[in-house]
Amino acid sequence: MDEENLFPEEDELEEDDLVDDDDDEEPIGYKIAPYFDSVIGEFLLDGNGQIVTADEVTAWQQWCENVVSTDRYNHDSYTDDIGIDYDEIFQLNDQEEIETELEQEISEALTCDPYGRTQYVQNIEFEWLNSTEVMLTIEVVGLDNELVTIDTVISA
């Protein structure tokens, strides 16, 4: 009786079996999503009590705002890949070091967009409110050169 091996030897595998196809996938791009009102901390409802839908670019902007405002490692509802490690950054010696590290962390966090919407981050501006609180204005460029501006206040 001829038995087939459940675990083929490496040399029996076809070259196509060894190729990771994930690298060739196109980014998902913009998608609609429920509109989240960050001021009230709830999804926006219409007059009938139905959740309002944000258009594709607004949904991406809200994702960017959420990533930038999330303190990495301090939220059980997010993986450790989401957010910025503000605790570590604000322990640096001076504002110039903090700004440099924030620019790098914010750019990395936003360009790791799983849907491939974020192309790059440009023009991060800092307005220090006090020694532990800074207002950020961030320009983010997405697919088709869509430009969104994020204004947020972060603190140590």
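**Figure 1. Nonpolar surface patch formed by F36, F43, L45 and I51.** Together, these four residues of the predicted model expose about 370 Å² of accessible area (Shrake-Rupley method, 1.4 Å probe, only the protein chains shown counting as cover for residues). Patch members have over 30% relative accessible area and no salt bridge; nonpolar side chains (Val, Leu, Ile, Met, Phe, Trp, Tyr) are joined within 5 Å and like charges within 9 Å. F36 belongs to strand β2, which spans residues 36-37. With a relative accessibility of 34%, F36 is classed as partly exposed (buried, under 20% relative accessible area; exposed, over 50%; partly exposed, in between; 1.4 Å probe, protein chains only).

Figure 2. The protein contains three helices and seven strands (DSSP runs numbered from the N terminus: helices, H or I, at least four residues; strands, E, at least two). Along the sequence, these elements follow the pattern β-β-β-β-α-α-α-β-β-β. The protein has 156 residues, of which 28% count as buried. Its mean pLDDT is 83, and 76% of the residues reach 70 or more (pLDDT, the predictor's confidence in each residue, from 0 to 100). Where pLDDT is low, the predicted coordinates should not be read in detail. The model is predicted, so local features need pLDDT of at least 70 and side-chain atom pairs count only at pLDDT 80 or more, whereas totals for chains, interfaces and linings use all residues. Residues are numbered from 1 along each chain as its sequence is written, and side-chain values use heavy atoms, with hydrogens and water left out.

Figure 3. E146 is located in the loop that joins β6 (133-142) to β7 (147-155). Because its relative accessible area is 32%, E146 is classed as partly exposed. D144 is exposed, since its relative accessible area is 73%.

**Figure 4. Positive phi angles at D144 and N145.** Most residues other than glycine have a negative phi. D144, although not a glycine, has a positive phi of about 55°. N145 is likewise not a glycine and has a positive phi of about 60°. N145 lies in the loop between β6 and β7, where its relative accessible area of 63% makes it exposed.

**Figure 5. Salt bridge between the side chains of R117 and D113.** Side chains of opposite charge can pair when their charged atoms come close. A search of the whole structure finds one salt bridge (a side-chain nitrogen of Lys or Arg within 4 Å of a carboxyl oxygen of Asp or Glu). In this pair, R117 meets D113 at 2.8 Å, N to O. Both partners, R117 and D113, are buried.

**Figure 6. Buried aspartates D71 and D85 in the loop between α1 and α2.** Helix α1 covers residues 56-69, and D85 lies in the loop between this helix and α2. D85 is buried because its relative accessible area is 13%. The C-alpha atoms of D85 and E105 are 8.0 Å apart, although 20 residues separate the two in sequence. D71 occupies the loop between α1 and α2 and has a relative accessible area of 16%, so it is buried. D71 and D87 are 16 residues apart along the chain, and 7.8 Å separates their C-alpha atoms.
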